[in-house]
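Please read the following note alongside the sequence and the structure. The points are numbered so that each may be checked in turn.

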Amino acid sequence: MYRVLLFLLTPAILLKIRCFQKKYSHYRTKEALGFWPSVEADLWVHCASVGEVLAVRPLITQWREKHPNHRFLITTMTPTGAEQVEKIFPFAEHRYLPMDWRFSVKRALKRLTCKHLFIVETELWPNLLTQAKAQSMRIDVVNARLSERSFLRYQKFSIVSRSLFKLPDCFLAHAKEDAKRFESLGAKKVLVTGSIKFDLSVSPEVLQDNWREQLGSRFVWIGGSTHQGEDEILLSVHKALLQKVPDALLLLVPRHPERFEAVYTLAKQHFDNITLRSQTPPDQWSNFDVVIGDSMGELMHYYQASDLAFVGGSLIPRGGHNPIEPALLGKVILVGPHTFNFLEITDQLLQVRGAVRCSDAEELEKVVITFAGKSSQCYRMGQAALRFAEKNQGAVTRVLTEIDFR
């Protein structure tokens with residue numbers, strides 16, 4: 001069934017590879033097809049894209065402290081992920097993960113000498129897992145999470161999915177609910193270690209640059225990691241906000257770089273005074289109503305610059321993105337109704353009054369306008385979010401205790 005589906009999707013996969021090749025000069029197409037240069041590593045870490053690369057930073061840092069002579073291989077699917085690997089982990093080898101055709105994966109792994117694979121989040125490619133086990137690799141799925149929605153999809157094809165979930169040696173799950181789902185799908189061993197994303201430390205560069213200070217006393221809010229269908233809503237909300245708070249600033253940061261230009265064009269239809277991060281430094285943003293965040297790896301900078309943080313992917317049925325990042329910066333967090341990707345974390349943030357859920361665009365508008373006039377409330381709720389994030393740190397230590405070359 002999977003082979004048939006993969007065959008049917010081959011034209012779309014090849015088109016995606018071609019798009020990467022045309023847009024990113026450093027994209028190594030041969031590696032995506034399985035033509036790897038030889039590589040030896042003590043630990044192979046697979047991160048799908050930018051978010052996973054940033055999330056795994058504290059884990060790799062602590063691993064290197066314990067094993068300073070170990071060699072690292074880090075794979076990504078995307079060129080933007082590769083850029084972050086080069087920036088954050090200059091000591092590591094990087095390869096593009098081959099597309100999950102059996103012949104591509106087999107060809108690549110023949111060029112690899114390694115006995116331990118970390119998969120960050122739940123990036124389970126059947127041919128990758130099968131070939132890794134054929135080479136006697138230990139496979140640990142770190143920061144493993146599985147939404148109810150994804151669980152139900154896997155359950156529909158349980159004959160296939162049970163064999164898939166038996167391949168990893170261990171799932172180190174976000175939370176108890178995730179663990180139960182993995183166990184129901186046939187996972188051999190599941191441990192609850194919490195989210196390593198709580199252990200993400202705020203980069204000294206973010207605090208030193210201090211974009212917030214450069215923006216003065218004006219009210220600043222962010223739409224972070226937004227998707228199509230959300231940008232229009234946030235721009236509409238901001239237009240209403242400007243009628244009440246004329247000097248308010250919206251930082252609109254699309255999730256995917258291929259949407260930067262489209263979101264900029266959309267914003268120009270609503271506002272005259274807009275700019276791109278790539279064209280205007282933060283100390284000149286006072287001249288604009290909207291700034292489009294067309295840069296990668298700077299999301300924490302954007303959150304630091306804001307008084308109020310809307311976390312994208314939650315106004316549409318995308319499941320929401322990571323609310324821990326703004327929480328670590330002491331920002332009050334807004335989310336939409338769809339947060340199944342981070343359900344337990346979001347619910348806990350709501351309980352400690354570090355976050356507010358907005359059921360629709362109308363409610364989001366009311367909440368944003370309300371917070372724009374209540375800086376002390378923003379501060380109190382932001383501190384509640386920060387305390388929650390700090391209280392839940394320590395997952396990296398628990399992960400390393402469980403999987404450090406047992």
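**Note on the annotated residue, a pocket and the salt bridges**

1. The residue E52 belongs to helix α3, which covers residues 50-55. The model is a predicted one. In an unreviewed entry, UniProt lists E52 under "active site". The relative accessibility of E52 is 14%, and E52 therefore counts as buried, since buried means under 20% relative accessible area. Apart from neighbours within four places in sequence, the contacts of E52 are C47, V120 and E121.

2. Helix α4 (residues 57-66) has the buried residues P58, L59, I60 and W63. These buried residues pack against the helices α3 and α20 (395-403) and against the strands β2 (43-46), β3 (72-76), β6 (116-120) and β7 (138-144).

3. Helices α18 (361-372) and α19 (375-391) each supply at least two lining residues; the largest share, 4 residues, comes from α19.

4. Which residue forms a salt bridge with R212? The partner is D307, and the closest N and O atoms of the pair are 3.0 Å apart. R212 lies in helix α12 (residues 211-214), while D307 lies in the loop between α15 (299-304) and β14 (308-311), so the pair ties together parts that are 95 residues apart in sequence. R212 is buried, at a relative accessible area of 14%, whereas D307 is partly exposed at 23%.

5. The whole structure contains 16 salt bridges. One of the pairs is R28 and E31, whose side chains meet at 2.6 Å, N to O. R28 is partly exposed, with a relative accessible area of 32%, but E31 is buried at 5%. In another pair, the side chains of E93 and R95 meet at 3.1 Å, N to O. Here E93 is partly exposed, with a relative accessible area of 38%, and R95 is buried at 6%.

6. E40, D42 and R71 are linked in a network of salt bridges.

Technical notes: Residues are numbered from 1 along each chain as its sequence is written. This is a predicted model: local features need pLDDT of at least 70, side-chain atom pairs count only at pLDDT 80 or more; totals for chains, interfaces and linings use all residues. Side-chain values use heavy atoms; hydrogens and water are left out. UniProt positions are given in the numbering used here, feature names are shortened, and annotations may be inferred rather than shown by experiment. Buried means under 20% relative accessible area, exposed over 50%, partly exposed in between (1.4 Å probe, protein chains only). Contact means heavy atoms within 4.5 Å. A salt bridge is a side-chain nitrogen of Lys or Arg within 4 Å of a carboxyl oxygen of Asp or Glu.
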